[in-house]
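User: I have a new structure open on my screen. Please walk me through what it shows, one part at a time.

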Amino acid sequence: GHWVARMTDLRHPQRVRGVVVLGAAARQFPPGMADALAIASDPQRTDEARLEALRVCMFAPGNDPSAWLAGWHPQWRAAYREASQHPPREAWYGQAHAPLLDLQGAQDAWRPPATRGELRDALGEKVTVKVIERAGHALVPEQPEAVARAIVDWVRGLDRVR
């Protein structure tokens, strides 16, 4: 969740020049996403089932999700969910001090096109939305150069504003 970066901005604004969120899900994401994520992250499932779930919830069509079969830590899932509830989303979602770059995959199943402007609607002109083509929720391994270029360009814009 992008709540870690957002909470850092809210609690320590003097230390944050800008916040980049990568693949932030819609406030109300489509049905089936949490179930697909549970399958994808479950090492007890077959690789085939996990790869299909990764294709559904994390990767754009045509991108290879196989590198994401490893690296899951299911023992931390409950702690992550618990931490994400404190403070409750309603307490921080509509607030920000620093400018924010909202990087979204054009084929992100967690962020349907109709929801692209949610953060900008909540936070106003502080938010720049950038959509990365041929990317799903797993933006970085799918389009690393486009993600890096978008971040660098945005940060350079912050430098001009200062």
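**Helices, sheet and cores**

Analyst: In helix H1, the residues Trp 3, Arg 6, Met 7, Asp 9 and Leu 10 are buried. They lie on the same side of H1, because they cover an arc of only 155 degrees around the axis. Buried means under 20% relative accessible area, exposed means over 50%, and partly exposed lies in between (1.4 Å probe, protein chains only). Helices (H or I, at least four residues) and strands (E, at least two) are DSSP runs, numbered from the N terminus. The arc is that of the directions from the helix axis to the C-beta atoms.

Please note that this is a predicted model: local features need pLDDT of at least 70 and side-chain atom pairs count only at pLDDT 80 or more, while totals for chains, interfaces and linings use all residues. Residues are numbered from 1 along each chain as its sequence is written, and side-chain values use heavy atoms, with hydrogens and water left out.

User: What do the buried residues of H1 pack against?

Analyst: They pack against strand S1, helix H4 (77-83), strand S2 and helix H5.

User: And which residues of H2 are buried?

Analyst: In H2, which spans residues 33-40, Met 33, Ala 36 and Ala 40 are buried. Their arc around the axis is only 65 degrees, so they sit on the same side of H2. Helix H3 (47-57) is included in what covers them.

User: Let us turn to the sheet. What is the order of its strands?

Analyst: The sheet is open and has three strands in the order S1-S2-S3, with parallel pairing. S1 and S3 are the edge strands, each pairing on one side only. From one strand to the next the twist averages 20 degrees. Two strands pair if DSSP finds at least two bridges between them.

User: What about S2: how many of its residues are buried?

Analyst: Six of the six residues of S2 are buried, so S2 is largely enclosed by the rest of the structure. Both faces are covered: Leu 100, Asp 102 and Gln 104 are buried on one side, and Leu 101, Leu 103 and Gly 105 on the other.

User: Which contacts does Gln 104 make?

Analyst: Apart from neighbours within four places in sequence, Gln 104 is in contact (heavy atoms within 4.5 Å) with residues that include Arg 111, Arg 116, Val 129 and Leu 139. Gln 104 has a relative accessible area of 0%. A polar contact of 2.9 Å joins its side chain to that of Asp 102, and the side chain of Gln 104 reaches the backbone oxygen of Arg 116 at 3.0 Å. A polar contact is a pair of N or O atoms within 3.5 Å; within protein, one must be able to donate a hydrogen and the other to accept it, and residues adjacent in sequence count only if both atoms are side-chain atoms.

User: How many residues does the largest nonpolar core have?

Analyst: The largest nonpolar core has 15 residues, and Val 21, Trp 92, Leu 100, Leu 119 and Leu 123 have the most contacts inside it. H1 (3-11), S1 (19-22) and H5 (118-123) each supply at least two residues of this core, and H1 gives the most, with three residues. A nonpolar core is a set of buried Ala, Val, Leu, Ile, Met, Phe, Trp, Tyr and Cys residues joined through side-chain atoms within 4.5 Å.

User: One last topic: is Arg 134 buried or exposed?

Analyst: Arg 134 is exposed, with a relative accessible area of 55%. It lies in the loop between S3 (127-132) and helix H6 (139-142). Although Arg 134 is not a glycine, it has a positive phi of about 55 degrees. Most residues other than glycine have a negative phi.

Note on methods: Axes fitted to C-alpha atoms, helices over the stretch in contact; angles between N-to-C directions.
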